[in-house]
Amino acid sequence: MTHAPRPANRAPQVWTGRASNRMQWLLAGAGAACLALGILLAVNGPGTSGLAPLVMSVVGCLAVGLLVLFGTIAFTHVHVRIDRDAVQVRCGHIGVPRRRIPMEDVSGAQLAPLISPRAWGGWGYRWRPEKGTAVVVRRGPGVVIDLGTGHRFTVTVDDAEGAVQTIRDLLRVRTRASGDGV
C-alpha cells in the first residue's frame with residue numbers, strides 16, 4: 001500500500017503534549033495535613049484557652065489547608081493541545097486554570113530549552129511584566145508563544161520542539177492560505 005505524500009500546505013491536524021511534577025503531590029499532602037489539623041481542632045472542641053483562639057486556629061488551618069491543597073493539585077500537570085483553531089492549555093485534573101489562545105492571535109513560537117520556576121517566581125500560573133504570562137509546572141523545556149499584541153505566553157511541556165514546529169507549520173499554512181506568503 002502506497003501513501004501519498006502530505007501536501008506542502010498541510011500541517012498536522014492536532015498536537016498534544018503534557019508535563020507533570022510529582023513534587024506538587026508532597027505540597028498537596030502538607031495542605032491535606034493542615035486541613036486535617038483544622039478538622040481535628042474543631043472536633044475536639046474548646047480547651048482551656050477559650051473559644052476565640054480555637055476558632056482562629058480552626059479557620060486558619062482550614063483556610064491554609066484548602067489554599068495549599070487546591071493550589072498545588074491544580075499544577076500537578078499541564079495539558080497542551082494545538083490545532084488549526086487555537087492553542088489550549090489546561091492545568092490539573094479538572095482543567096482549571098485554562099487558557100485558550102486563538103491561532104489568529106499567534107505570531108510565532110520559540111523553543112525555551114530551560115524554563116526554571118525560580119525565574120518565574122515559582123510553580124503555577126505566573127505573570128512577569130518583562131516576560132509575559134506562563135504556566136510553569138516543572139523545570140525543563142517549554143514553548144514561548146509570541147502573541148500579535150507583543151505579549152508572550154510560556155508553558156512547560158514535554159516535546160516542546162514538536163509544539164514549536166506545529167505552531168510554525170500552522171502559521172505557514174495560514175499565511176499561504178491568506179495569500180500573504182510566497
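The model is predicted, so local features need pLDDT of at least 70 and side-chain atom pairs count only at pLDDT 80 or more, while totals for chains, interfaces and linings use all residues. Residues are numbered from 1 along each chain as its sequence is written, and side-chain values use heavy atoms, leaving out hydrogens and water.

Fold first. The chain has 4 helices and 9 strands. These are DSSP runs numbered from the N terminus: helices are H or I, at least four residues, and strands are E, at least two. The order is β-α-α-β-β-β-β-α-β-β-β-β-α. Of the 182 residues, 38% are buried, meaning under 20% relative accessible area, with exposed over 50% and partly exposed in between (1.4 Å probe, protein chains only).

Now the inside. A nonpolar core is a set of buried Ala, Val, Leu, Ile, Met, Phe, Trp, Tyr and Cys residues joined through side-chain atoms within 4.5 Å. The largest one holds 28 residues. Val78, Val80, Val87, Val143 and Ile167 touch the most other members. Strand 1 (14–20) and strand 8 (140–147) are among the elements giving two or more residues. Helix 4 gives the largest share, 6 residues. Another core, of 6 residues, lies apart and includes Trp120.

Where does Trp123 lie? In the loop between helix 3 (117–120) and strand 6 (124–128). Trp123 is partly exposed, with a relative accessible area of 33%.
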